[in-house]
Amino acid sequence: MAGPKLSKKKGGSAANPPLKKKQKALPTLEKETKEEMIFNSDGSEEPVMLENPDEEDQGMDSLSDMSSDGDDVYANDILQGSDDEEGSDEEERGAQGDSDSDVSDFEKEARQIDEEKAREEVDAEAELELNIKNEANEFSLPTEEELEEEAQRPPDLSNLLRRIKEIVRVLSNFKSLRLEGATRKDYVDQLKMDLISYYGYNDFLIEALVELFPAVELMELIEAFEKPRPTCLRTNTLKTRRRDLAGVLLNRGVNLDPLSKWSKVGLVVYDSQVPIGATPEYMAGHYMLQGASSFLPVMALAPQEKEKVVDMAAAPGGKTTYIAALMKNTGMIYANEMKESRLKSLTANIHRMGVTNTIVSNYDARELPKVLGSNSVDRILLDAPCSGTGVISKDESVKTSKSALDIQNCAHLQKQLILAAIDLVDANSKSGGYIVYSTCSIMVAENEAVIDYALKKRDVKLVPCGLDFGRPGFIRFRGHRFHTSLDKTRRFYPHVHNMDGFFVAKLKKMSNMKPTSQQSEDGEVEEEESELVESNDQEEGVKEKKQFNKGSNEIATEKVIKEKKQLNKGSSVSGAGKQPPLKERRKKKEWPSREEIAKNREEKRQALRESKRKRKYLSFDIGDVDYLLCYCVGQSVHEAVILTDSSSKKTMLCIESAAKRMRLYKRRLSGCTREYDATSQG
Amino acid sequence: MRPLDENETVAVFNKLHKFVGNNLKNIVLESQAHEGPETNPGRYCFRMQKNRVYYVSESLVKRATNVKRDKLVSLGTQIGKFTKSGKFHLTVQCLNLLAANAKHKVWLKPTSETKFLYGHSLKKDGVGRITEGIQVNNGVVVFSMSDVPLGFGDAAKSTVDYRKMDPNGIVVHHHADIGEYLRMEDDL
């Protein structure tokens, strides 16, 4: 290292001067090598290193002076050179006495000033390096002390934003960019906290969003939520055409464009000189202001002319009027809205747009099957009330006001609504049998979970929506596993499709039958019952009985009754009386005495006969069967016989008790009668 | 929901006759209703619900019977309301029906459209065109120059007098206009 350095020096090497040169060269050399080490980020020697460039130049000058190369450049620096020469000499040799005290005072001062200047520069450089070091490749999470400090100061937004961006960058390339000892969880937790304070969300919502999206997409989504979606309008094809309307509005000074290639009636408004919601065309019902995402469920529904359609949550009427426009005012629409305060806008919009085939009602949508009759309608649109997490750009309060409980309540309501909707639709309708379920939310609990629930509870299946853009819904999400057909549902996001967050699913009802008859006090019992009764879970249900009845393998081998009910009204009569026995069974209580049981049963049978005399069929409720089974089991039954009447698909359970005489059971099975005379066996 | 009784029917028809004249038979008798899921078009009829008169097709009426009285909000097209004292007034929702069958029409200049839509009565200098044969107190339907129906009202002057009038005189008394959808949504 020494060699090449020497050769770099301009001064040649004579014998005597080399001595001094070397003496000077050495420290300068040392300093130079130290200078090289700057680039190795060795902080400790920096001050020493950086002093050197100054002195190195001057050292060079002195060298050149000494060797008297006659370099013109350095000839002018004689004074500097000599000063420095002396200065460096003094440094080398330690503080030796000066020959000339006056000169040395000046020199001292000059030296001190130089040193100070050098020190400042060194510090500045050090600081710069420090900053660069922090912001370049190594990003470290703030420590607890730093966080506490931050919590006390007012939030530093730019700092937060920078940290958010850094964490997202690290998370996107975690293996290479992570720091030692920092887990992914730490980064994610810090990101959540920063997002909460920067964008103003609450814990629950940020948690939910983090579960749904990877880090980079999460940022895009949150940014998209900060900005409003473009205003769209839909031409009312009952009164005008898109071309004509666009022409008229352009004349009025509205800057607009057709919406997209997937819509023939949509227009997007960029800006407008007149208020777009108050033009004479708007008042004449030529168009409706409607978000682009609201077109989607009606397009998926595709109502045909002369059909009966129900819109279960219709206000303010954008989708209802679109349905009417597609049906060209033929057929019939029931527009239902639960909240009275929103009814006014619904009727006003209906009349304004010139829709004549609509009946507006004010029911709770869950009652509609009773009002309109089950299996009576061709298509249903259920735009369910939801938490609104997809439309944060319209309503910022959603950021802070939603909690897990809200989502649960919404989901519960939506499940009830979708079952009501399915019950309303007629599976055998010539042209229909479709239900479209849509929400303006991106939560899985309100979307895929509800559809999955409907698939389990009713005989429906998912069909393609007809919307090829849009992301397929989740088939699995964290712990949940949904039915595989759920990829036919569609999700829409603001940062991908530039419309509000939305979810659309289209179901087709396969048959009007329900797999179970649900009568229960609470949801839990209902689900247990359904598990017992559903043919898929027969063994499970029988197993459960096993727990109650020890060692009754015979019962276990018998199948649970499969029931087909024509109407669920029968069950409502018989179900009511069956709750106490069920409860008893579950709680493993003692059975009431045989006479009491027999009396109860006889009374119930009488009641059943009265109510079902007209219908001429027997409907068993699951409770009934369970009760009988359990009773018999308690009496150590030896045999149980099941008879099936295949023509009417009714099943009859006849139980013979080994020990006791049983009564005559007479049952009338649609057209055929069977009598069994159970006698005691020997 | 119930059908109209004698007096009410008379009142409604009188009011309608003011605007549509002989075309009343188009509205009432010979109307073909394509609403309803049946293939054969039925006819239209009038029904009363909560003091409001609706113009509905028969098939819709049949299916609206299962909706309870207090839960039924609207059906078909509303044409007017009965006031507490028993008078019948036409409302703006029947504008489409009237405009299709109107006998007397007035076309507005673009500059005075907004004034009418705010609920003011029509002055002579706002009128672009006017049909012949209007007598005083005839019902008049107001259009814009591009044939968009804007509202309706009462003629204050006959066509003959209209020509002799000074520009500031009122030609048509305002009854209803489509601006009410924005101004008075709650009162409709």
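This is a predicted model: local features need pLDDT of at least 70, side-chain atom pairs count only at pLDDT 80 or more; totals for chains, interfaces and linings use all residues.

Student: Okay, how many residues of chain B are in contact with chain A?

Tutor: On the chain B side there are 32, and they touch 36 residues of chain A.

Student: And how much area do chain B and chain A bury between them?

Tutor: About 2900 Å², with 61% of it on carbon and sulfur atoms. Within chain B, the residues that lose the most area to chain A are B:Lys71, B:Tyr181 and B:Leu182, together 17% of what that side buries.

Student: How many salt bridges does the rule find across the interface?

Tutor: Zero between chain B and chain A. For polar contacts, though, the rule finds eleven residue pairs across that interface, both residues being at pLDDT 80 or more.

Student: Which elements give two or more residues to the side of chain B that touches chain A?

Tutor: Helix 3 (58-64), strand 4 (72-75), strand 5 (77-82), helix 5 (113-117) and helix 7 (180-183) of chain B. Strand 4 of chain B gives the most, with four residues. By class, that side of chain B has 13 nonpolar, eleven polar and eight charged residues.

Student: What does strand 4 of chain B pair with in chain A?

Tutor: Strand 7 of chain A, residues 358-361. The two are antiparallel, with three bridges. In that pairing, A:Ile359 stands opposite B:Leu75.

Student: Switching to strand 6 of chain A: is it buried or exposed?

Tutor: Five of the five residues in strand 6 (residues 332-336) of chain A are buried, so the strand is largely enclosed by the rest of the structure.

Student: Which residues sit on each side of strand 6 of chain A?

Tutor: A:Met332, A:Tyr334 and A:Asn336 are on one side, A:Ile333 and A:Ala335 on the other, and all are buried. As background, side chains in a regular strand alternate between the two faces of the sheet. Strand 6 of chain A also runs parallel to strand 5 of chain A, joined by four bridges. In that pairing, A:Val309 has A:Ile333 as its bridge partner.

Student: Now the backbone. Where is the cis peptide bond?

Tutor: Between A:Ala315 and A:Pro316, with omega about 0°. A:Pro316 is in the loop that runs between strand 5 (308-311) and helix 16 (318-327) of chain A. In general, most peptide bonds are trans.

Student: What about A:Ala348, how far is its C-alpha from that of A:Pro316?

Tutor: The separation is 8.9 Å, for two residues 32 apart along the chain. A:Ala348 lies in helix 17 (residues 343-352) of chain A.

Student: Is A:Ala348 buried or exposed?

Tutor: A:Ala348 counts as buried because its relative accessibility is 5%, and the cut-off for buried is under 20%. Leaving aside neighbours within four places in sequence, A:Ala348 contacts B:Tyr181, B:Glu185 and B:Leu188.

Technical notes
Residues are numbered from 1 along each chain as its sequence is written. Chains are lettered from A and ligands numbered from 1 in the order in which they are written. Side-chain values use heavy atoms; hydrogens and water are left out. Contact means heavy atoms within 4.5 Å. Buried area is the accessible area (1.4 Å probe) that two parts lose on being put together, summed over both. A salt bridge is a side-chain nitrogen of Lys or Arg within 4 Å of a carboxyl oxygen of Asp or Glu. A polar contact is a pair of N or O atoms within 3.5 Å; within protein, one must be able to donate a hydrogen and the other to accept it, and residues adjacent in sequence count only if both atoms are side-chain atoms. Ala, Val, Leu, Ile, Met, Phe, Trp, Tyr, Cys and Pro count as nonpolar, Asp, Glu, Lys and Arg as charged, and the others, Gly among them, as polar. Two strands pair if DSSP finds at least two bridges between them. Buried means under 20% relative accessible area, exposed over 50%, partly exposed in between (1.4 Å probe, protein chains only).
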